[in-house]
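Hello,

Here is the structure I promised to hand over. Please open it alongside this email, and my notes follow below.

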Amino acid sequence: MKLSILDQSPIASGQTAQEALQASLELAQEADRLGYHRIWFTEHHDLAGLACSVPEVLISYVGAQTKNIRIGSGAVLLPHYKPYRVAETYNMLAALLPGRIDLGIGRAPGGSAEATMALNDNFLQNVYKMPERVKELLDFIRQDSSKDHLFSKVSAAPIPSIQPETWLLGTSGKSAILAAENGTAYAFGEFMSENDGVESLKQYRELFQIKGDLKAPKTIVTVAVICAETEEYAKEIALSNMLWQIQMGHGEKKKVPSKEEVRKHEKEKGWLEMNHKRMIIGTPSQVKQSLLDIRDKYQADEIMIMTITHKLEDKLNSYRLVARELLHG
């Protein structure tokens with residue numbers, strides 16, 4: 001089974017943004033050594049606990065210091081940007097790192113209403129135009145504009161020898177259908193969706209059309225995972241992530257809390273633990289079985305893991321344990 005990583009470059013309490021970005025590099029290097037297939041970096045704006053606002057910069061930085069792992073965006077928030085500029089950026093990355101670049105496309109704002117307005121005057125209008133913008137972007141990547149199109153003579157230079165691998169990311173049937181109609185691979189964010197992902201992936205596979213190099217449907221399911229040697233310790237370190245997610249949901253500008261900070265919310269612990277329904281938490285054997293069950297449930301080609309802990313070593317250890325069970329077992 002192919003395993004990959006989604007990294008949000010979280011900033012832990014007591015940590016600087018620079019240290020968080022260096023931790024993303026360290027994670028990518030360890031993932032490369034362990035045999036993970038790809039690592040994607042997310043795009044967020046003006047969120048105190050997340051360091052990566054421009055994944056393209058981090059992709060180039062990490063790509064220069066790793067050897068084999070594929071690297072990409074999870075995702076470029078397309079309504080903020082002109083498709084041509086995105087195509088130029090990812091073509092250049094693909095020219096520098098041939099056969100290793102993924103272009104993940106999403107539609108979310110990635111931050112507050114104020115941050116969205118600072119980035120773009122027409123975000124909502126561009127969301128409505130998402131199908132047209134996706135097609136325009138893919139036409140540039142695939143060099144496939146119709147002869148009567150305004151941009152038919154425009155190339156998103158440099159043209160790489162190997163195109164970026166294009167993915168549409170989403171949490172609903174709407175995104176699945178858009179991916180299928182455009183012939184891209186599709187990644188479903190199970191960790192953040194209340195929708196029926198099984199049905200979304202089924203729709204994607206049934207409606208898939210060949211439009212580019214991808215000749216058959218290709219899917220990823222992304223899940224949140226915390227793995228440790230004991231179930232007790234896995235649950236303990238997962239509380240930092242749970243509390244942080246709740247705080248962000250309330251609009252609080254917080255970093256990932258330490259165990260000591262979590263203890264200040266001890267009276268809320270039961271409520272916190274109720275929020276782990278979207279997470280896989282446990283020992284290596286427990287996590288392995290859960291991931292295999294998810295792969296079979298979704299009929300996914302690949303599983304992507306997102307792990308957030310306060311301590312970097314706990315995060316790295318979680319990925320090592322999962323790799324030992326599923327990649328090296």
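**Helix α7 and its surroundings**

Helix α7 is followed by G183, whose phi is positive, near 70 degrees. Helices here are DSSP runs of H or I with at least four residues, strands are runs of E with at least two, and both are numbered from the N terminus. This is a predicted model: local features need pLDDT of at least 70, side-chain atom pairs count only at pLDDT 80 or more, and totals for chains, interfaces and linings use all residues. Residues are numbered from 1 along each chain as its sequence is written, and side-chain values use heavy atoms, with hydrogens and water left out.

Helix α7 covers residues 173-182 and is mostly covered, with seven of its 10 residues buried. Buried means under 20% relative accessible area, exposed means over 50%, and partly exposed is in between (1.4 Å probe, protein chains only). The buried residues of α7 are G173, S175, A176, L178, A179, A180 and N182. What covers them? The cover includes two helices, α6 (130-142) and α8 (197-207). It also includes strands β6 (165-170) and β7 (185-189).

**The whole chain**

The secondary structure comes to 13 helices and 10 strands. The radius of gyration is 19 Å, close to the 20 Å that the globule rule gives for 329 residues, so the chain is as compact as a globular protein of that length. That radius is taken over C-alpha atoms, and the rule is 2.2 Å times the number of residues to the power 0.38. Along the principal axes, the C-alpha atoms fill a box of roughly 65 × 45 × 40 Å.

Buried residues make up 52% of the 329 residues. Take the contacts in the chain with a separation of 6 or more: residues 24 or more positions apart account for 75% of them. Contact means heavy atoms within 4.5 Å. The accessible surface comes to about 15300 Å², and carbon and sulfur atoms hold 51% of it. Accessible areas come from the Shrake-Rupley method with a 1.4 Å probe; for residues, only the protein chains shown count as cover.

**Cores**

The largest nonpolar core has 63 residues. A nonpolar core is a set of buried Ala, Val, Leu, Ile, Met, Phe, Trp, Tyr and Cys residues joined through side-chain atoms within 4.5 Å. Which members touch the most others? They are Y36, V225, L291, I303, I305 and V322. Leaving aside neighbours within four places in sequence, V225 is in contact with I280, V287, L291, I305, M306, T307, S318 and V322. Apart from this core lies another, of 26 residues, with L6, A234, A238 and V262 among them.

Start with L34, in helix α1 (residues 17-34). L34 is buried, with a relative accessible area of 7%. L34 and Y319 are 285 residues apart in sequence, yet 8.6 Å apart in space, C-alpha to C-alpha. Beyond four places in sequence, L34 is in contact with Y319, R320, A323, L327 and H328.

Next is S258, in the loop between α9 (231-249) and α10 (259-263). Is S258 buried or exposed? S258 is buried, at a relative accessible area of 9%. Not counting residues up to four places away in sequence, S258 touches S13, S240 and H310.

Then comes H265, in the loop between α10 and α11 (269-274). H265 is partly exposed, with a relative accessible area of 23%. H265 and L243 are 22 residues apart in sequence and 8.5 Å apart in space, C-alpha to C-alpha. With residues up to four places away in sequence left out, H265 touches L243 and Q247.

**Backbone points**

Please check two cis peptide bonds. The bond from G74 to A75 is cis, with omega near 20 degrees. A75 sits in the loop between β3 (70-73) and β4 (76-77). A cis bond also joins A157 and P158, with omega about 0 degrees. P158 is in the loop between α6 and β6.

Positive phi values come next. D46 is not a glycine, but its phi is positive, about 60 degrees. D46 lies in the loop between β2 (38-41) and α2 (55-63). Q143 is not a glycine either, and its phi is about 55 degrees. Q143 is in the loop between α6 and β6. Q143 is exposed, with a relative accessible area of 52%.

Best wishes
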